[in-house]
Amino acid sequence: MSDLATASLPAKQPDGALAHAAYVLRSNPVTLLAFSMFAVLLVAAILGPALVPYDPMASNAAQALQPPSFDHWFGTDNLGRDVLSRVVVATRLDLVISVAAVALSFLIGSILGSIAGYWGGWIDSVLNRLFDTIMAFPLFVLAMGIVAALGNTVENIVYATAVINIPFYARLVRAEVNIRRDAGFAQAAKLAGNSDIRVLAVHIFPNALPPMMVQVSLNLGWAILNAAGLSFIGLGVRPPTAEWGIMVAEGANFIVSGEWWLAIFPGLALMFAVFTFNLLGDGLRDIVDPRQRT
Amino acid sequence: MTYETSRRGFLTGVGATALGASVLPFLKVLPASAAGNDVVVAVTGQTINSLDIHRKGTNRPSYQVAVNVYDRLVSFGTKTLEDGSLSYDYAVIEPEVAESWEFTDDGMAIVFKLRPEGKFQDGSPITAEDVKWSFDRAVSVGGFPTVQMKAGSLEKPEQFEAIDEFTFKINLLRKSKLTLPDLAVPVPMIINAKVAREHATEDDPWAMEYLHKTPAGSGAFKVASWKPGEQLVYERNDDWTSGPVPAVKRVVLREVPSPATRRALLERGDVNMSFNMPNKDAKELSGTEDITVTTTPVENAIYCLCPNLSFEPFKDKRVRQAIAWSVPYEEVFQTAAYGRGAPLWGGQSATPADIAWPQKFPYSTDLDKAKALLEEAGYGEGFEVPLSIDLSQSDWMEPAALLIQENLAKIGIKTTIEKIPGANWRTASLVEKRLPLHLETFGGWLNYPCYYFFWAYQEGHLFNSSNYRNEEIETLTPEALHMPVEDPDYAPKIKRMIEIVWDEVPRIALWQPALNVGTRNLAGYEYWFHRQLDVRGLKKV
Amino acid sequence: MAGRLSTIGLRITHAIPVILGVVVVSFLLTRALPGDPAVYFAGAAANEQSIAEIRTALGLDKPLTEQFLVYAGDVLTGDLGNSLSTGQPVLEDLANRLPASLELTLTALLLSCSIAIPLGVLAATRPGSAVDHLCRVLVTAGVSLPTFFTGIVLIYVFYYLLGIAPSPLGRLDFIYIEPDHVTGFYLIDAAIAGDWETWIGALKQLVLPATTLALFTLAPLARMTRAAMLSALSSDYIRTARAAGLTEDKVLFTYAFRNALLPVITTLGMVFSFTLGANVLVEKVFAWPGIGSYAVEALVVSDYAAVQGFVLAMALLFVALNLVIDLTYTLIDPRIGFETK
């Protein structure tokens, strides 16, 4: 997906970019929608625990498995906990997992990719083979294996998700850096007495950022799904922590017996978040890809 | 190869293959339940991974093959429970391959007379030599079968003698009430030694590789096809000699991992039986038209919460008692077990009135008492401890743990719930015994309290995951273990043992679990202590 | 042609370190899994001694390097060991289960392509229109659903409530007779045998799981088609073609689409290998006897041989797939050689 965006021009005027962004947002209602959905997510993540009507952890066996009602908008689960409260409170954790995982893979991927792309040679070959090896793994199973081996905690879910994403970022950065390392502006910066690392970090790497942002946004959604999948297998966060994936996974067992609200609401929240990130990624691509300017 | 048969129309027997595709459509549009009166379709969530119970690595669901495809010398009787369902009868030992048996005068040997008409599935006679070979195998291969044989004091090949073709003798190492019942568990099954020997090699003297995939027994059913992870098809042995020939011709056992799907299949009438249903489905489907849910409390089994005595706060009896007083038993029972099973809390007296086991522990939910005990023990401000549960049993362990966690927090004990994957669970909880606070599920096959104590309360024994040691229990348990129940000393010993473990609570009983089986147009389901499906008595109605 | 063969050879030699890496990493990963298979498989009433016996039988008492050498030697001779949980040789298990996963994944991709590519083309020809936005929202919604959730909802609605779909019992309802084994793909085998009843039976079982997976794979394919079409349409040769007065259809399908196919095929390859690994969850929900569900079960019980075998098989498949994609590239666009990076 990245190779399309590689065409982005190296030096963009900031105000031009802003104007373009505003233009794209105006002309593209879906992207505007995505940004407002993102705002909703942020509010839920930051203020969620203060907004919810019930304690998301408090069980109430007498109120177990109540269908949605005025008191419990999303019903209650098998322990009598309020599903709405749990869904809202889970936003923060899910966002933290995906943001942390993506940030980690972004960071490590950028460094490794820059090294491979800038210096090339044997180090490039070794790193490339390493990325090939990771990519040759069935990624979800690799993530499962990592979490199973390290133990199922939030940190390990983050690490596992980060590891399987590193090659994508590294590849992207490597390609961007590789194209530009001999470009005129890079040569000029070098001749001006800048060190390799400075040229790489200040002059070359920023060019890779726009396509990376697209990747980041798409990846955020994917990271949430990945964590949810791990939960479904039973390798997710620890109970009683509220997390969408584990709620869907547990609720799934109740669908056939008619308690659909247990899985549907967290499922919708999950979908909402992933949907937001995906639309956002798509929108960002429109903004960074000048070829869209027709 | 057993695989090949699967594609031949097992549904209609030989006919289907001959009829060919032109006639088959009539059959194919029929729903499964109407597939024929002599075909039963059952679903289960578990995988059968071997057809040989003696093999290393054979899992529990595979034990049913030993039950249905092989015979033993003796079997347990059948009784009707209060709710009208069938159960095996621990009190009655019935002939199976043996037609009669008697103890020698000194009581140190049992002599079995085999049925002279007894035939294996290949038509060859069942001889004492086959029994000897099978028993030698069970005590020699190591692992679970050898341990289980040992529980009945069946330990070495020298104990087993083939006197003549139809006379088999077991020389006893000690007089034990456990020996005869231990011959009726799935392990001492009788293998066709002639067939097995043909496939034995120097490296594999017990034909483990061959019998793993190809049973050679005399049982009521043959294995028509087996696809691990998918299905097992039993086909009736029309010439069964160890009992009345079963009513159904074929039993198709499908493996469906998702409990929701299993429930849907039963509700829609696409299968005749769902074996080992989740408690919730059992609760909700009982009373549904056309579906019969049979719930049988599992004998000699307790789901318990175990504080580990190797860890500091739990060394103090009062801390353990405080935990026992703080568990929200009723909520746990209703939420985690949906009320299926038997309550084991709220006993009135600290000394047992009889030797029934399990019986109600003298604890109930009383947070004030718990708090007081904790303060007395010097843990008034509480402490932190992980509460470990098994990932593969999280359906009931997780809600139970969450409710316990909530109440423990009220008396100041802060717990974090740790889910441990299946492979690690046994190692951590039972072998290394390193979990400070955890849930445990032991149930004994042989239905005696002393047998439970032997495994779960004696130091170093596998299911004593609390690292509990009490000198009196260490002396009393081995004394009671082999003693006949009628012995006047037996009951006082057992009562004393129960009294001790009630007071010291190394294992806090939550409830007695139950086995749920849903059936549709099907009769003859019988509960067995091994908790696996016995298809021999099933019939369509 | 000889040149092409040697470049293929070169590609294969490049794959060797990858395969080696996979073998080493999967070995280490399985050994890092918690739990002791010997304990797990010793059974309910095992004691220290029986556990030790099993450990010796499995060769787990040897030092790690020795275990690895034994394993590597076995792999070279094509022996992947025995799975502990199914009790079968891993190679046999994989051979039995791989066709099931492949059939499901390929059907899903076929379904997905047949929807996604026209959608993508449609969206690209009218960028910014309502149709474009609708396509985008629809496919994005599809990829935003966790597959296990979609699967369960589909079963609930189409099997449980409506009763249209067959019971979710794997590849074939048991009332059908399994077709003779030729390829292991039931649709193909049943067609070869001319048994159309079974063919329909197998197809029915495929519909729900394939739809679940297809929903998930729509987005990358549709998006890539749209993007590739857009970039093709805005390129110089299209402008030239249009200027030369070629009909819009000819421009669209002969020139633009053909050029847009390249990135779409790359994406397809990525999606394929990703889906094959990720349909773990779908297989679990639909009781599909594929390699994904096999791997999950194996991982949970620390069944070393099965996990390693699965990972190795997937890696080989991945490498082979990339090779095929590269070859397809040269077929579609002969200008692209095999020059390696």
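The largest nonpolar core holds 354 residues, and L510(B) and F310(C) have the most contacts inside it; such a core is a set of buried Ala, Val, Leu, Ile, Met, Phe, Trp, Tyr and Cys residues joined through C-beta atoms within 7 Å. The model is predicted, so local features need pLDDT of at least 70 and side-chain atom pairs count only at pLDDT 80 or more, whereas totals for chains, interfaces and linings use all residues. Residues are numbered from 1 along each chain as its sequence is written, while chains are lettered from A and ligands numbered from 1 in the order in which they are written.

- Leaving aside neighbours within four places in sequence, F310(C) is in contact (C-beta atoms, placed from the backbone, within 7 Å) with L94(C), I291(C), Y294(C), A295(C) and A298(C).

**Chain A**
- Chain A has twelve helices and zero strands, where helices (H or I, at least four residues) and strands (E, at least two) are DSSP runs numbered from the N terminus.
- Of the 294 residues in chain A, 57% are buried, that is, with 20 or more other C-beta atoms within 10 Å of their own, these atoms being placed from the backbone.

**Confidence**
- Chain C has a mean pLDDT of 81, pLDDT being the predictor's confidence in each residue, from 0 to 100.
- Over residues 337–341 of chain C the pLDDT is below 50.
- Where pLDDT is low, the predicted coordinates should not be read in detail.

Note on methods
A residue is buried if 20 or more other C-beta atoms lie within 10 Å of its own, exposed if 12 or fewer, and partly exposed in between; C-beta atoms are placed from the backbone. Two residues are in contact if their C-beta atoms, placed from the backbone, lie within 7 Å.
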